[in-house]
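Open the model in your viewer and keep the selection tool at hand. The stops below go from a core to a pair of helices.

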Amino acid sequence: MVVGGGPAGVVGAATAAELGLRVAVVDLGPHVGGQFYRTPAAELNATRPDALHHDWPTFERWHERMDAPRVTRLARHHVWAIERHAEQEWTVHAVTGADGNDTRPVRIPARAVLLATGAYERQLPFKGWTLPGVVGAGGAQAMLKGGLVLPGKRVVVAGSGPLLLAVASSLAEAGADVPAVIEASGYLGYARHPRTLATNPHKLIEAATHGTTLLRHRVPLRTRSAVTEVHGAERVEAVTVTRLDERWRPVPGTWREIACDALAVGHGLVPAIELATTLGCATRVTPDHTLALALDTRQETSVRGLWAAGEPGGVGGVQMALAEGELAARAIAARLGAYPGPGGRVRRLRSRRTRLRTFAEAMAALHAPGPGWSEWLGDDTEVCRCEEVTAGAIREAVREQGARDARTVKLLTRAGMGWCQGRTCGAAVACLAGDGQPPAQRRPFAVPVPLGALAALAPAAPEDPPLAAPAPAAAVTPEESQT
């Protein structure tokens, strides 16, 4: 079973099938590709979807290899829990539908599970960030790739991390006016890692490509700066940009206003590991203060029989996801008694993964949020959007009620108890609480589940089919289910 149809999941499924295993790929989207290779809806009649992507031919090759009789694809399936019965006996629980609101439960048996669940954006709040027109940086790219629409006509791109350059160049190429890219950290720090850069020349090529695009469209890059306020009545009309010191504290008297009708903002990515941590998988703290799964050289988690590839092990980009997906599939094949392929291929993949991981760790450290960013926030700034909890309420819980971590703050203020379950506000709440990192989430539901789906769950009789999916063609029989 592969959970997630992004680059790591596609490569993992294709490799496992070629090694003789039966594979089921479960993904919440209508098409595989994930966020990176997001495909426009068919009704949009996109003539050249590849024009919006980097290295599209690589994805096409792996997609064709995955399109094999041994692979069953289960689209619009939202996995809410994974149940472990024994080392090679698992049940994956899901709900279906575009929003996961189908009340008919789905249970899929597996002998091994590969998590390729990707990541979500980290948001740091500021005054006015709830106004219409403020979108995530990755969200703006998803709108363009998946819907062929722009978040606005004049779009400021802000936050921290190399994703900003990719987003800004994509928006500019698609016709948006991008008045500035606002980067909270800087790029000179990369010069302290000459060996890492030398062993990853494709990263320099990518940066040069995006930089050339921005120069052609005359988009300025402002480093050591941040959007600290958004202005507008009913939607974004302008943003305030302020210079930052090395700790990301606003420098007094350095603000300037930029007119725009949209803001695409993000401060890196957070690995999506909820399914794994609920099973008790060990985690590690990344250089940019997020939690990722602790994996061995075979991509296996601390829970035997559960593997992970791509962003759950630490954000590292598409090339690392491709390498880890194949590595994990070969390890699973070996564990289940299939031929894992030549040893030389595994050694090359491990070497490539190490090289890419070294670059990713250096990149994460350089773009990690500084501790002074919370000085952007007034007490009336909303931090938890779902529950409408302000920075003042969180500070009061820490100052007056003794909260010292994000979990206690949540219990006292409800910050993080809303629909997103802390995915949007978790990093900010943890920083304001003083511990600096979100706690490892261990909850029985990774996504919202209708009560009807839970009510329909019952112990499966031996003669019952193991997969009760709405579409009979999506069923996986016990004979087929080898992974």
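A nonpolar core here is a set of buried Ala, Val, Leu, Ile, Met, Phe, Trp, Tyr and Cys residues joined through side-chain atoms within 4.5 Å, where buried means under 20% relative accessible area with a 1.4 Å probe, protein chains only. This is a predicted model, in which local features need pLDDT of at least 70, side-chain atom pairs count only at pLDDT 80 or more, and totals for chains, interfaces and linings use all residues. Residues are numbered from 1 along each chain as its sequence is written, and side-chain values use heavy atoms, with hydrogens and water left out.

Select Val227, Val230, Val239, Leu263 and Val383: they have the most contacts inside the largest nonpolar core, which has 42 residues. Among the elements that give two or more residues to this core are β13 (225-231), β16 (262-267) and α12 (426-433); helices (H or I, at least four residues) and strands (E, at least two) are DSSP runs numbered from the N terminus. The most comes from α12, with five residues.

Next, centre on Leu263. Not counting residues up to four places away in sequence, Leu263 touches (heavy atoms within 4.5 Å) Phe126, Gly133, Val134, Val135, Val156, Ala158, Val227, Val230 and Val239.

Finally, show α1 (residues 7-18) and α2 (residues 56-66), whose axes come within 8 Å and cross at roughly 45°; axes are lines fitted to C-alpha atoms, for helices over the stretch in contact, and angles run from 0 to 180 degrees between N-to-C directions. To view the contact, select Val10, Val11, Ala13, Ala14, Thr15 and Glu18 of α1 with Phe59, Trp62, His63, Arg65 and Met66 of α2.

Technical notes
Buried means under 20% relative accessible area, exposed over 50%, partly exposed in between (1.4 Å probe, protein chains only).
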